[in-house]
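Me: I have not seen this structure before, and I would like to learn how to read its features one at a time. Could you take me through them slowly?

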Amino acid sequence: MLQVQNLTITQKRDNHILLENLSFCLNDGEKAALIGEEGNGKSTVLKWIYDPSLVEAYADAEGTVKTDSLLGFLPQELSKDDASKPIADWMEAACDLSRLPIRNVIRVLCELGLEHDLLYETRTMKTLSGGERIKLQLASLLLRECDVLLLDEPSNDLDLAAITWLETFLQHTEKTVLYVSHDETLLERTANQLIHIELVRRKQIPRVTVARMPYRQYIDDRERRFSHQRQIADFEHSEFRKKKERYLSVYQAVEHAQNNVSRSDPGTGRLLKKKMHTVQALGKRLEKEYEQLTERPEAEWAILPKFEEGVFVKNGKTILDDRRDQLIADGKILARKIHLRIVGPERIAIIGQNGCGKTTLLKAIAKELEGRKDLSVGYMPQNYEDALFAGYSPVEFLAPNGDKESVTRARLYLGSMKYTTEEMEHPVSDLSGGQRAKILLLRMILDRNNVLLLDEPTRNFSPLSAPAVREMLRSFQGAILAVTHDRKFLQEVATSVYELQETGLKLISRKE
């Protein structure tokens, strides 16, 4: 069992309250997902539960956690020290391999699709692909036999086969699991409890909802409830406006009559004065009535600007006709005889096993398209730091020239995406992964890019923001080439899906 009581988290940087009085209890075997918009403190909650010292540098936290279970934590990213360790040394330190039967270790590694040779690797952890690192971390938690698993984005960078394994594991494990995930399909299939963290009223008021129900039921019930409340509020406010207009009409008529009554007619003056008292009493009743009106629902809605209509690619225009005899990374041949042709406003997705070379291929294509003067190409790398300047604020990144018009436009767009004034001035390195991803997408909109190269574009967007991102990309009139394992993206956005194999690109599906 895991019990959290009255957890309040305040961000030190702005003295901003992210979370207030969160309490919940997870029983043995329950699977709870933390959801909420980017930057709302979901990862901070997991870190604090596991080890409060992990958040002391940037947040003040008050509350209590009670458990008699062994906690295991999977962070979003390895620390620099862990990333530089040889794989074999990291595994030994993470789960004390020397005390475990080798057959158990090999069984867990095989279940995750990892080679047991990794146990003897002298390569460092940072040389592994993102998916391989996450699989290895999961393996260490399973080998330690942790009772409660705290997983921060466990499906990030996993290939489809590994995500399927993770889903099956979460569905059938008897362990208690509290996790953060941006994979809507994973949430739909595994979570039986939701902890929804929100910041409403322009991120000034924290709110948390604990719901013991599946993810899709929670989202659908929430939308129906909000829609019903919105309809009632709209009707009541409309009726109130009519009453207010009638009141003002009567008030103005009586006031006009008072101003024009003759001094020689004191009787009429007294009647008008009495009538004004009655009207004013009505006004006070209306004020009280207004306070009792049903409020319009407050929630964090995902807001993303769209590409302008003038940004497009003509039908039949050749964007790419790429042929490669070999795809090589670090001296290793990953694939042979690759051919990829993009014509017109296609939206192509590439899938494949971790480490097969998808990111390597996308980087090579980005470099090839760099010099094309007939195209405007935007590139979102898997590692955002490759495109963002860590010391820049969002405004500085989006308006590098610093002229007043560009700065104003950047602030307007950022404000429409619910960035606070403070967040607009923070270094981008201080922002969450999802917030940084939004900045990269916003830069593509401002630059009017008509070709987008996207490496795992939705992996850091919250499940509440991801539908808006997919809708934005689905309505895009240019060409998209994306590496992704997001099943919603593959279904809703991609017009063609290819799998990168050792023998080249294989067409998996195409929408006519």
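## Reading the features

Reply: The largest cavity has a volume of about 170 Å³, and please keep in mind as we go that this is a predicted model.

Me: What is the volume of the second largest pocket, and which residues are the closest to its centre?

Reply: A pocket, unlike a cavity, is an open set of points. Here the second largest pocket has a volume of about 450 Å³, and of the 20 residues that line this pocket, Val377, Gly378, Tyr379, Ala387 and Asp447 are the closest to its centre. At least two lining residues come from each of helix 10 (358-369), strand 13 (377-380) and helix 14 (433-446). By class, the lining of the second largest pocket divides into 12 nonpolar, six charged and two polar residues.

Me: Turning to sheets, in what order do the three strands of the open sheet come, and is their pairing parallel or antiparallel?

Reply: The order is 2-1-4, and the pairing is antiparallel. Strand 2 (16-26) and strand 4 (59-67) are the edge strands, each of them pairing on one side only, and from one strand to the next the twist averages 5°. Strand 1 (residues 2-11) is joined to strand 4 by eight bridges, and along this antiparallel pair Leu2 stands opposite Thr67 in strand 4.

Me: Which strands does helix 1 lie across?

Reply: Helix 1 (residues 42-50) lies across strand 1, strand 2 and strand 4, and the helix runs at about 125° to strand 1.

Me: How many aromatic pairs does the structure hold, and why is the pair of Trp165 and Phe169 described as stacked?

Reply: In general, the distance of the centres and the angle of the planes describe a pair of aromatic rings. This structure holds seven aromatic pairs. In the pair of Trp165 and Phe169 the ring centres are 5.3 Å apart and the planes are at 10°, so the pair is stacked, given that planes under 30 degrees apart count as stacked. Both residues belong to helix 6 (residues 160-172), where Trp165 and Phe169 are four residues apart, about one turn of the helix.

Key
Residues are numbered from 1 along each chain as its sequence is written. This is a predicted model: local features need pLDDT of at least 70, side-chain atom pairs count only at pLDDT 80 or more; totals for chains, interfaces and linings use all residues. Side-chain values use heavy atoms; hydrogens and water are left out. On a 1 Å grid over the protein atoms alone, a cavity is a set of points where a 1.4 Å probe fits but cannot get out, and a pocket is an open set with protein on both sides within 12 Å along at least five of seven lines; lining residues have an atom within 4 Å of a point. Grid points are joined across faces, edges and corners, and a volume is the space filled by probe spheres set on the points. Ala, Val, Leu, Ile, Met, Phe, Trp, Tyr, Cys and Pro count as nonpolar, Asp, Glu, Lys and Arg as charged, and the others, Gly among them, as polar. Two strands pair if DSSP finds at least two bridges between them. Axes are lines fitted to C-alpha atoms, for helices over the stretch in contact, and angles run from 0 to 180 degrees between N-to-C directions. Contact means heavy atoms within 4.5 Å. Rings of Phe, Tyr and Trp (its six-membered ring) pair if their centres lie within 6.5 Å; planes under 30 degrees apart count as stacked, over 60 as edge-to-face and the rest as tilted.
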